[in-house]
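I opened the model to go through its folds piece by piece, and these are my notes on what I looked up.

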Amino acid sequence: MSRQMGDNHRRFLQTMMVNGIIDEHGARALYQYCCETHHTQYAPDKLDEFIDTINSRLQPMFMQIRKGMSEDNGQQYYALVNMAETDITRMSSDYADNELELFRKTMDLIVGSENGKASSTDILNTTDSMTTKKLKKSETEHLLSRLVHDKWLSEKRGEYTLSTRCIIEMEPYIRTMYQDQFKECHICRNIAFQCQICENPTCGIKIHNPCVARYFKGRSEPRCPACDDFWPHEIPAHMRSPSSQQVSINRTVSTGITSSPTRRSEMARESRSTLVGLWSCLK
Ligand SMILES: [Zn+2]
Ligand SMILES: [Zn+2]
């Protein structure tokens with residue numbers, strides 16, 4: 001297969017730049033759409049090869065479209081990630097130093113917790129020990145909603161988790177920074193936050209909730225895959241559901257492949273500034 005980028009690849013990349021992260025269902029639909037629009041060959045089973053071609057062009061810019069699993073629903077997602085920055089300094093163009101410190105503290109809480117969550121109260125309490133300019137309560141709340149909006153965190157009933165995009169993008173950082181704390185899922189070997197834990201104290205393996213659902217499906221008596229102890233947790237139902245994500249394709253279509261200066265500044269506001277360099281790829 002040709003490794004040359006065509007307009008179909010460029011349109012796919014452009015949509016990734018606008019959305020940041022797309023679920024597998026959306027990525028497949030987008031792949032088909034891009035191939036059909038540009039009258040290029042569409043092979044349903046060749047999405048990963050199609051993305052490899054884009055990645056070969058992104059490599060010199062230390063960017064990559066990387067695949068990872070959502071801890072919420074077990075679905076695969078594709079995220080456009082920055083490989084150049086090795087830690088959260090990658091966010092420094094969008095957040096002030098004290099905001100990054102609070103995000104770091106939130107990550108500490110989430111990684112250090114049993115269930116991969118941090119409550120808004122616990123996050124607010126960490127502001128007392130800030131070394132940079134202390135954030136007020138209202139500023140912290142505003143920052144948390146920004147972090148959710150920018151897809152670094154997810155929030156449900158006042159509890160915060162790392163978003164799928166954050167886990168995909170920050171995985172190398174988390175593996176380095178939290179070597180003694182993070183755990184892998186025993187089934188899929190990805191880093192695990194929201195999961196079930198084996199209660200045998202000599203075992204204690206973690207399994208993502210969607211991986212639990214998949215692994216124990218149809219088994220009458222669930223047993224730990226590592227130590228064979230009885231698995232005492234409730235087995236969640238298989239979670240795979242149709243895509244609910246709205247992929248912003250239409251806007252991209254009307255804009256066309258050539259980027260205008262207006263469009264460029266719009267992009268810079270919309271997505272992280274690191275992505276703006278990618279426009280060179282679209283020419
Ligand atoms: Zn897993
Ligand atoms: Zn076990």
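The entries below run from overall confidence to the two sheets and then to the helices.

**Entry 1: confidence and overall content.** I began by noting that this is a predicted model, so I looked at the confidence before anything else. The chain averages a pLDDT of 84, and 83% of the residues score at least 70. Among the elements of the chain, I found the highest mean pLDDT, 97, in β4, and the lowest, 39, in helix α10, which covers residues 261–270. Over residues 250–276 the pLDDT stays under 50, and for this stretch the model has 29 contacts beyond four places in sequence. I then counted 10 helices and 10 strands in the chain, and noted that 32% of its 283 residues count as buried. Of the contacts between residues at least 6 apart in sequence, 57% join residues at least 24 apart.

**Entry 2: the sheet of β1, β3 and β2.** I asked in which order the strands of this open sheet lie, and read β1-β3-β2, three strands with antiparallel pairing. The edges are β1 (21–23) and β2 (63–69); each has a single partner strand, so one side of each is left without a neighbour in the sheet. On average, neighbouring strands of this sheet are turned by 20° against each other, direction ignored. I followed the pairing of β1 with β3 (residues 76–82), where three bridges join the two antiparallel strands, and saw that I22 has Y78 of β3 as its bridge partner. Next I looked for helices on this sheet: α3 (residues 47–58) packs on it, touching β2 and β3, and the direction of α3 makes about 140° with that of β2. Helix α7 (residues 164–177) also packs on the sheet, where it touches β1, β2 and β3, and its direction makes about 50° with that of β3.

**Entry 3: helix α7 itself.** I went along α7 and found T164, R165, C166, I167, I168, E169, M170 and I174 buried. Where does a kink lie in α7? I placed it at M170, with a bend of about 65°, shortly before the proline P172.

Entry 4: Two bridges join β4 to the antiparallel strand β6 (residues 159–162), and I found S119 standing opposite E159 of β6.

**Entry 5: helix α8.** Which residues of α8 (residues 209–216) are buried? I listed N209, P210, C211, V212 and F216, and traced the packing of these buried residues to β9 (195–197) and β10 (206–208). After α8 comes G218, for which I read a positive phi, near 80°.

Key:
Residues are numbered from 1 along each chain as its sequence is written. Chains are lettered from A and ligands numbered from 1 in the order in which they are written. This is a predicted model: local features need pLDDT of at least 70, side-chain atom pairs count only at pLDDT 80 or more; totals for chains, interfaces and linings use all residues. Two strands pair if DSSP finds at least two bridges between them. Helices (H or I, at least four residues) and strands (E, at least two) are DSSP runs, numbered from the N terminus. A residue is buried if 20 or more other C-beta atoms lie within 10 Å of its own, exposed if 12 or fewer, and partly exposed in between; C-beta atoms are placed from the backbone. Two residues are in contact if their C-beta atoms, placed from the backbone, lie within 7 Å. pLDDT is the predictor's confidence in each residue, from 0 to 100. Axes are lines fitted to C-alpha atoms, for helices over the stretch in contact, and angles run from 0 to 180 degrees between N-to-C directions. The bend at a residue is the angle between axes fitted to the seven residues ending there and the seven starting there.
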